[in-house]
Amino acid sequence: ETARAMGVPPHASTADVGALVRAATATSGLSYAEQERGLGSALAAASIAPATIMVSHAQSCEFHEMLDAIDAYAELHGLAPSQTFLWLDIFSIRQNTVAQDVVKIGAIIERIGHVVMVLDPWDKPVALQRVWCLYEVVHAVSPVAFRLALPPSQRRAFVRALKADNHAVKSALSTFDSRTAKTSSESDRAMIFKLIQERFGQGGDVDESSAAFDAFNETVRRAVSDAVIAFSWELDGPEDNRLRRHRRSGDSPSSSPSTSAKHMRLTLSGRTKRRHKPDNRAA
């Protein structure tokens, strides 16, 4: 609803929404969540709470497709709206001083304990071609839960491929390399590479040919592979069978505690803002 109030078109990228958030918070210098909470509205007071899911995604992909993917994930897992809070970078991080906040990503992930990566498109996910997303995954190791989500438009093709040859799927999702992954700026790249060198190497100057980057890549590939296996089990579970029955019948599974991203909350700096049905009011 925040995006709608800002005038975000249907096929806008998450980066487009981020630009609007950056403009809306330019004066305060706060994250959008902090700014909304500071206004002291009854809506903000009732809807801000610690995040339960961190969403890892590529900002160049469509904003609404990302929300649809999380919607499908929530429905698959029967997540209750009153207990589901999303941490989204564009709302949770101070968009006018990003570099100061992103270095805290590891601590944020460990505190939330649940990361969901949106695969869009499923066979060549943009998220796995972005250094920041790879850096998020490397922190999503036990006891942090790392799971995958797909937009409904991608899910059928993914399921077909998974049933045909799940090893090929895992291989397709493991062809990334942090050395060639993209960033929005050279300063971001240098900062993340330094963090990789410090965590997986011996510190010192960044050396892309060092074993540190191989270790980083392997850690991310293992996490993604495990998540693919977990997802395949989830798709074969009774909850997914129930969803398939409802899709065929055209009914909604109203008898379950499932939810929609349209009624879930968006988080900023580990806090969340609830998204309500459209009422033309600014969120």
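Predicted model: local features only at pLDDT ≥ 70, side-chain atom pairs only at ≥ 80, totals over all residues.

Visitor: Which residues in α12 meet which residues in α13?

Guide: Happy to show you. Residues are numbered from 1 along each chain as its sequence is written, and side-chain values use heavy atoms, with hydrogens and water left out.

Now to your question. From α12 come F193, I196, Q197 and F200, and they meet A212, F213, A215, F216 and T219 of α13; a contact here means heavy atoms within 4.5 Å. Sorted by class, this meeting place has seven nonpolar residues, two polar ones and no charged ones. In that sorting, Ala, Val, Leu, Ile, Met, Phe, Trp, Tyr, Cys and Pro are nonpolar, Asp, Glu, Lys and Arg are charged, and the others, Gly among them, are polar.

Helix α12 covers residues 186–200 and helix α13 covers residues 211–235; they pack at an angle of about 90 degrees, and their axes are 9 Å apart. The axes are lines fitted to C-alpha atoms, for helices over the stretch in contact, and angles run from 0 to 180 degrees between N-to-C directions. The two helices are therefore roughly perpendicular to each other, a label for angles of 65 to 115 degrees.

Stepping back, these two helices belong to a protein with 14 helices and six strands. Both kinds of element are DSSP runs numbered from the N terminus: helices are H or I with at least four residues, strands are E with at least two. Of the 283 residues in the protein, 51% are buried, where buried means under 20% relative accessible area, exposed over 50%, and partly exposed in between, with a 1.4 Å probe and protein chains only. Among contacts with a separation of 6 or more, 77% are between residues 24 or more positions apart.

The structure holds zero disulfides, a disulfide being a pair of cysteine sulfur atoms within 2.5 Å. For C61, the nearest cysteine sulfur is that of C133, 8.8 Å away. C61 is buried, with a relative accessible area of 14%, and C133 also counts as buried, at 4%.

For a contrast, look at S153 in helix α10, residues 152–164. S153 is exposed, with a relative accessible area of 51%.

Note on methods
Parallel < 35°, antiparallel > 145°, perpendicular 65-115°, else oblique.
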